[in-house]
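Dear colleague,

I am handing over the structure we spoke about, and my notes on it follow below. Please read them alongside the coordinates.

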Amino acid sequence: LGDYHKAVEYHEEHLKHAKEVGNQGEEGGAYGNLDIAYMSQGDYQKAIEYVEKRLKIAKDIGDRVGEGQAYGNLGNAYDSLSDYHKAIECHQKHLKIAKEIGDRGGEGGACGNLGNAYDSLGDFHKALEYHGEHLKIAKEIGDQAGKGRAYGNLSIAYTSLGDYHKAIEYPKKRLQIAKEIGDRIEEGGAYGNLGNAY
């Protein structure tokens with residue numbers, strides 16, 4: 001519903017309850033949800049504070065999936081703060097963990113995030129490499145939404161490189177997927193990619 005203050009309130013109750021009963025897994029999950037709520041509000045420092053707590057718990061209890069996701073969220077927060085080198089460091093850790101535990105979806109997401117960070121740094125060839133890997137993984141695991149995002153990100157990188165024919169090719173594929181899965185936000189993003197390329 002977009003009521004982030006209410007979301008924070010409920011997640012804080014979840015956290016309080018998890019601490020009371022001594023359930024570290026639930027406590028870590030609550031910290032992760034608070035991180036997402038604060039990211040949605042644009043309070044990246046607060047998001048970082050909570051995701052670091054989630055990361056510590058994930059390490060303490062041996063939750064490798066949670067650890068990888070925490071690194072990914074931490075990378076996204078640093079990316080939002082324009083600290084791209086720190087973001088890349090976090091996304092690389094997420095990618096390493098995802099590979100170690102065989103989490104192909106996490107691996108694809110980490111590649112997409114790395115591509116975005118390199119794109120922000122202006123290293124478009126490196127961005128293309130990671131977005132291409134994200135697309136490959138999304139195709140392998142049948143992740144239609146991931147494919148759409150990868151096509152959109154490839155379009156951005158090709159537009160930045162001045163390869164407008166490629167830049168137009170990818171958002172058309174993104175648009176087709178968005179329509180197939182009924183994702184109006186992705187559909188709008190695809191039209192934006194096409195407009196930028198043209």
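Which residues have the most contacts inside the largest nonpolar core? In this predicted model, they are Leu128, Leu135, Tyr151, Leu154, Tyr158 and Tyr170, within a core that has 15 residues. Two or more residues of this core come from each of helix H7 (124–141), helix H8 (144–161), helix H9 (164–181) and helix H10 (184–197). Apart from this core lies another, of 11 residues, which includes Leu55, Ala70, Cys90 and Ile97. To return to Leu135, its contacts are Lys147, Ala150, Tyr151 and Leu154, if residues up to four places away in sequence are not counted.

Elsewhere, Tyr31, Tyr38 and Tyr50 are linked into a cluster by ring pairs.

Finally, a point on the backbone: Ser82, which is found in the loop between helix H4 (64–80) and helix H5 (84–101), has a positive phi of about 65° although it is not a glycine. Ser82 counts as partly exposed because its relative accessibility is 46%, which falls between the limits of under 20% for buried and over 50% for exposed.

With best regards

Definitions and conventions: Residues are numbered from 1 along each chain as its sequence is written. This is a predicted model: local features need pLDDT of at least 70, side-chain atom pairs count only at pLDDT 80 or more; totals for chains, interfaces and linings use all residues. Side-chain values use heavy atoms; hydrogens and water are left out. A nonpolar core is a set of buried Ala, Val, Leu, Ile, Met, Phe, Trp, Tyr and Cys residues joined through side-chain atoms within 4.5 Å. Buried means under 20% relative accessible area, exposed over 50%, partly exposed in between (1.4 Å probe, protein chains only). Helices (H or I, at least four residues) and strands (E, at least two) are DSSP runs, numbered from the N terminus. Contact means heavy atoms within 4.5 Å. Rings of Phe, Tyr and Trp (its six-membered ring) pair if their centres lie within 6.5 Å; planes under 30 degrees apart count as stacked, over 60 as edge-to-face and the rest as tilted.
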